[in-house]
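Trainee: I have just opened this entry and would like to go through it with you. Could we begin with the backbone and then turn to the ligands?

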Amino acid sequence: VAAAAPEAGPGPAWQSKCPWGAPNTTSISCSLADVMSEQLAKELQLEEENAAFPEVVAVAEGPFITGENIDTSSDLMLAQMLQMEFDREYDAQLRREEKKINGDSKVSISFENYRKVHPYDSDSSEDEVDWQDTRHDPYRADKPTTTPRRGFIGKGKDITTKHDEVVCGRKNTARMENFAPEFQVGDGIGMDLKLSNQVFNALKQHAYSEERRSARLHEKKEHSTAEKAVDPKTRLLLYKMVNSGMLETITGCISTGKESVVFHAYGGKSATEDKVIPPECAIKVFKTTLNEFKNRDKYIKDDYRFKDRFSKLNPRKIIRMWAEKEMHNLTRMQNAGIPCPQVVILKKHVLVMSFIGKDQIPAPKLKDVTLSSEDMKKAYYQTLNMMQQLYKECNLVHADLSEYNMLWHDGKVWLIDVSQSVEPTHPHGLEFLFRDCRNVAQFFQKGGVAEALNERELFNAVSGLNITADNEVDFQAEIEALEKMNEDHVQNHGKKLATFSSDGDTPIYDE
Ligand code: ADP
Ligand code: MN
């Protein structure tokens, strides 16, 4: 353990590098009041958290971990994290020995039972999915067929009832799908495997007890997330970033939201020459408790890319997928020259990007600044421009665009928070775009920009579509009709369309 952490001793180097060390300056960039007033949803969330864990406010308010927090409890945390690393290394060693002993032999022995990390908890990144292209899942086998509801098939002598051993065995195999997603059933589901009732029941028992075990574990973790802002695994990730020198110090928390916690950090040195770490970074930690992501279902549930797949993904991976999505979307925007944070690195559910702001003070949200009428007009035209670029060049719809996710910095608007952004051909993509347009139009119209297009004009200007309805209800109906046509096309041709386009009243599509 000592060898694994050469810098973990006391001293100035440790003081400045430890993520839990006292920050150089104690001021945090954003008061709790700001966080509280951001959105009704966020307010409710905080209230909920307060009720459940009274401590959480202090955490959200204070820096990452203040000086007085460096006591035995943080030593314990550190020890636990190092132990976790140690256990992993031990298991890796076991696997190596296992391999050495087994060699090419047809009969092999397993050290599985001696492993320290329970397979249920380990999150090896071996089977991470590439979310960008989960449309064709090469690993998904067809489900084995089972008997229909009436309980028998065939006629006369060839009748097969549901009590038939083979049919019953297959049915049991198929029922393994109902086990918790983390429960490893191997590739048995895809095979024509027949499980006897006895075996199936034993498996079922085991699956349930594992589920309960995992739930208890999760409860503990959730608790620690609320109390310490981040859970031990996340702390370890952050600790490693500081320890490797990539980050200099993590100073404090900028924002705690429903789905993420954002920290400020000073950048350090990059391990590779070609990559430059920005002097100040923002670290967005996607919360690793699934609850917060339930309400995001609609972004992904109807996305054909995730059909059949969503329910099967390990919850931890779903959260990483959001982080990954944010990274990919930011990169697309960066390439198009849209002002937005620059991606530094993604590690699991932790995304490090450049900090928009200066000296630990984050740039204000558009809703929080008072702009001169000249700047307001400038901001409007820039926003219109960015929305068009986002749509045409990045092939994206922000899907949560409003004055809350636009920052005012260096005399221009910066777009942030794009983990939920979708492609325009997403089954609800155009509806999301319309909502974005409504937010933007209302904000700038209220802000006194006389030139600002109304929501419908803005929608057409951004999408290049030509929806002529002159009232909101008809307009939305046309949007939904377009989406439906696209969906039908997907159903019939098995692939999505590259873009929408419309020619007067009769919409046509470009492949
Ligand atoms: P959420 O899903 O919680 O709204 P955001 O990405 O919008 O996540 O981040 C929450 C807040 O954190 C933002 O409103 C902004 O104030 C701050 N923030 C996020 N990213 C950055 C960044 N790169 N630079 C400065 N501040 C940021
Ligand atoms: Mn946001």
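Trainee: Where does D359 lie?

Mentor: D359 lies in the loop between β8 (357-358) and β9 (361-362); strands here are DSSP runs of E with at least two residues, helices are runs of H or I with at least four, and both are numbered from the N terminus. This is a predicted model, in which local features need pLDDT of at least 70 and side-chain atom pairs count only at pLDDT 80 or more, while totals for chains, interfaces and linings use all residues. Residues are numbered from 1 along each chain as its sequence is written, chains are lettered from A and ligands numbered from 1 in the order in which they are written, and side-chain values use heavy atoms, with hydrogens and water left out.

Trainee: What is the phi of D359 near?

Mentor: Phi of D359 is near 50°, a positive value in a residue that is not glycine. Most residues other than glycine have a negative phi.

Trainee: Is D359 buried or exposed?

Mentor: D359 is exposed, because its relative accessible area is 53%, and exposed means over 50%, buried under 20% and partly exposed in between, with a 1.4 Å probe and protein chains only. Q360, at 5%, is buried.

Trainee: Let us move to ligand 1. Which residues come nearest to it?

Mentor: Of the 16 residues around ligand 1, the nearest are S260, K284, S354, I356 and D417. A residue counts as near if one of its heavy atoms lies within 4 Å of the molecule.

Trainee: How much of ligand 1 does the protein bury?

Mentor: Taken alone, ligand 1 exposes 550 Å², and the protein buries 96% of that; the areas come from the Shrake-Rupley method with a 1.4 Å probe. The elements that give two or more residues to the shell are β4 (260-267), β5 (280-286) and β7 (350-354).

Trainee: What classes of residue make up that shell?

Mentor: The shell has 8 nonpolar, 4 polar and 4 charged residues. Nonpolar covers Ala, Val, Leu, Ile, Met, Phe, Trp, Tyr, Cys and Pro, charged covers Asp, Glu, Lys and Arg, and the others, Gly among them, are polar.

Trainee: Why does ligand 1 lie between domain 2 and domain 3?

Mentor: Domain 2 (226-362) and domain 3 (364-499) both give residues to the shell, so ligand 1 lies between them. The domain bounds come from an automatic or database domain assignment.

Trainee: What coordinates the manganese ion?

Mentor: The manganese ion, ligand 2, is coordinated by N405 (OD1) and D417 (OD), at 2.2 to 2.3 Å. Donors are N, O and S atoms within 2.8 Å of the metal (3.2 Å for Na, K and Ca), and water is not among the atoms, so sites may look incomplete.

Trainee: Where in the chain are N405 and D417?

Mentor: N405 is in the loop between α11 (373-392) and β10 (406-409), and D417 is in the loop between β11 (412-415) and α12 (429-446), 12 residues apart. N405 is buried, with a relative accessible area of 6%, and D417 is buried as well, at 19%.
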